[in-house]
Every structure is written in C-alpha cells, then in structure tokens.
Amino acid sequence: MILDAMIQQYPKLTKTQGMIIDYITSHKPEVSYSSLKELSEQACVSEVSIINLCRELGFSNFTDMREAIRAEVTEVYKKNSIRLPKAAQSSQKEQEKVNRFCDLLQDNISSSIKNTDMEVMYSCVNILSAAESVYIFGHDASKIAADYMAHRLNFMQLHARSVLLGDEVNVHGVLAQLTKKDCVVFFSFPPYHAPSKEIAEFCRSKGTPVISITDSVESPVVSHGEESLFCKTFTSLFFNTMSAPMAVIELLVFCIAAKAGRRMEEIIEEFNNVSNSINGKK
C-alpha cells in the first residue's frame, strides 16, 4: 500500500520529504483531491520538493501518486462501510471545476490584499475614525458587505449604519442629514448602481468625505471620493463574490483597532463587562 510504503521509506528521505509524508499521512482524504499547488501551500513546502518525493517513491509525477492515495483512501472507506466524502462521489470533471473556482477565490483575496495601497488604507482609517457617523451604501450582494462593515465598526464604538441603494426613502433621509463631520462609504461593483454617481456628487457637495470600495477606476463613485480601495470580485460562476471585499473590510478594521491602541483594549473590556452583567456573571 502506498501509505505503508511512504512510512517504510521515511528513514531514507530528506527532512523536507519527511515533512511532506507527515502531512499526507495526517490528511489522506484531503490530499487525495488536492492539486500540486494546494498540497505545496498546505504542507508549507515547494512544488519541486513534492515532485522529487513522488519520483523517490517510484511515481512519474504528482498525479500518479495522488491517484494511488485516492484509490487507497477509497478502499479504506469501502471496507469500513463509511460513506465516501462528497468529493469522492463527484466526477473528476466536477472536482476540477470546484478546484478552479477555489483557486480563483483565493487569487481574488490574495491579490486584493497584496495590492492594497497602505497609504490609502490608513487615510481611510483616519477618515472613519474621525467621523461622527458612517453611512455605508451597498446594492444587491454588496449590501451584505455593507451590513458586515457596519457591524464591525459599531463594535468598535464608531457609529455606523448600512443603507440599501435603491431604498429611496432611506437614502434620501440619510442624505438630508449628512454633515461635514460624517463619512459615506460606497460598495460599488458591476453592474454598477446607476444613481450612485449622483449620490456621491451630492455627498461631496455637502462636504462629506466619500470612500469607495470597488473593483475598478471605472466605478461611477471613484471620481467623487477622497479614497478608493480596490477588490477583485469576478469569478466564472458569480458576477461578483464578496470574499475579497470581506477580507479588505477585515484589514481595514484591524488597522482601525491598531490605531485605537489602548482604547481598543478598553472597548473589549467594556464589552465583556456588559456581557458578563447581562449573563449574570461577576
């Protein structure tokens, strides 16, 4: 059996190859459906090291070794009358589509974070931290991101409210009460909400700072804002996914917390005191 053979070869292998085998033997079902890139990242080794191990074990390439592991894992499940993982029940073509989609999601997140201009990020932090009220506009799926950002900011005792673009009554009500001391955030992704440009222009006319979280300089709100944070959101399945915007929100909130310093510790302590009091704990 391939896993037994790996263990028998252990004393003859390099330290890195031993690390790979340790990971494989501890994560057999996952590895049996992993790509070379995924295994490299999960085991924290290079792809070349994995390929060298495959050859050391008598396989011509990684795919051959993975198929041998998959066959062995499948046999173990059958013998023990355990239901196979969903991945094992799907066709190879379906699994390849899932793997490609996962790679694309990961690329969206990593690229968005890696390419974030930290000067722009900290400018946004300063604007949000100084605002009396933060109004966060979202449309369709991006309204979920707006809700999440409002939730995060409120925890940090920054007064924030999410607003659905398209809800004319609420939008007009918010615009009517805006001041220079407030801040407006737009989540703007294709298909862009047409009235966003006019709403952003109105905010600027009142002297209210505008921040956009968007995918492109082509967004209608970018030219009317102080700062813009960019995210990759396109995938082959969904026109926009919120995975990258959510990651950018987390980075933004972390930077706000870092800026708050000791005050952030006090906020957490106050939150815990309230929670303990409500739950009857001393």
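# Report on a predicted protein model

Leaving aside neighbours within four places in sequence, S219 is in contact with S188, Y192 and T214. This serine is placed in the loop between β4 (210–214) and β5 (227–230). S219 counts as buried because its relative accessibility is 4%.

## Overall composition and confidence

The protein contains 14 helices and five strands. Of its 282 residues, 43% count as buried. The accessible surface of the protein comes to about 15,500 Å², and 55% of that surface belongs to carbon and sulfur atoms. Among contacts between residues at least 6 apart in sequence, 69% join residues at least 24 apart.

The average pLDDT of the protein is 84, and 88% of the residues score at least 70. Confidence is highest in strand β1 (residues 134–138), with a mean of 96, and lowest in helix α7 (residues 86–89), with a mean of 51. Where pLDDT is low, the predicted coordinates should not be read in detail.

## Helix α2 and its two partners

The axes of α2 and helix α4 (residues 36–43) come within 10 Å and cross at roughly 100°. The two helices, α2 and α4, are therefore roughly perpendicular to each other. On the α2 side the contact involves M19, Y23 and I24, which meet L39, Q42 and A43 of α4. By class, this contact of α2 with α4 has five nonpolar residues, one polar residue and no charged residues.

From α2, the residues T16, Q17, I20 and I21 take part, and from α5 the residues S49, I50, N52, L53 and E56. By class, the contact of α2 with α5 has four nonpolar, four polar and one charged residues.

D22 is also found in helix α2. D22 counts as partly exposed because its relative accessibility is 38%. The C-alpha atoms of D22 and A43 are separated by 8.9 Å, and the two residues are 21 apart along the chain.

Which residues of α4 are buried? They are L36, E38, L39, S40 and A43. Of these, L39 and A43 also belong to the contact with α2. Helix α4 is followed by C44, whose phi is positive, near 60°.

## Backbone features in the loops

The table sets out their values.

| Residue | Phi | Relative accessibility |
|---|---|---|
| D140 | near 55° | 54% |
| Q157 | near 65° | 44% |

D140 lies in the loop between β1 and α10 (142–155). At a relative accessibility of 54%, D140 counts as exposed. Q157 lies in the loop between α10 and β2 (160–164), and its relative accessible area of 44% makes Q157 partly exposed.

Another backbone feature concerns two prolines. The peptide bond from P190 to P191 is cis, with omega near -10°. P191 is found in the loop between β3 (183–188) and α12 (196–205).

Not counting residues up to four places away in sequence, A200 touches F186, V210, V221 and H224. The C-alpha atoms of A200 and S223 are 9.0 Å apart in space, while the two residues are 23 apart in sequence.

Note on methods. Residues are numbered from 1 along each chain as its sequence is written. This is a predicted model: local features need pLDDT of at least 70, side-chain atom pairs count only at pLDDT 80 or more; totals for chains, interfaces and linings use all residues. Side-chain values use heavy atoms; hydrogens and water are left out. Axes are lines fitted to C-alpha atoms, for helices over the stretch in contact, and angles run from 0 to 180 degrees between N-to-C directions. Helices (H or I, at least four residues) and strands (E, at least two) are DSSP runs, numbered from the N terminus. Angles under 35 degrees count as roughly parallel, over 145 as roughly antiparallel, 65 to 115 as roughly perpendicular and the rest as oblique. Contact means heavy atoms within 4.5 Å. Ala, Val, Leu, Ile, Met, Phe, Trp, Tyr, Cys and Pro count as nonpolar, Asp, Glu, Lys and Arg as charged, and the others, Gly among them, as polar. pLDDT is the predictor's confidence in each residue, from 0 to 100. Buried means under 20% relative accessible area, exposed over 50%, partly exposed in between (1.4 Å probe, protein chains only). Accessible areas come from the Shrake-Rupley method with a 1.4 Å probe; for residues, only the protein chains shown count as cover.
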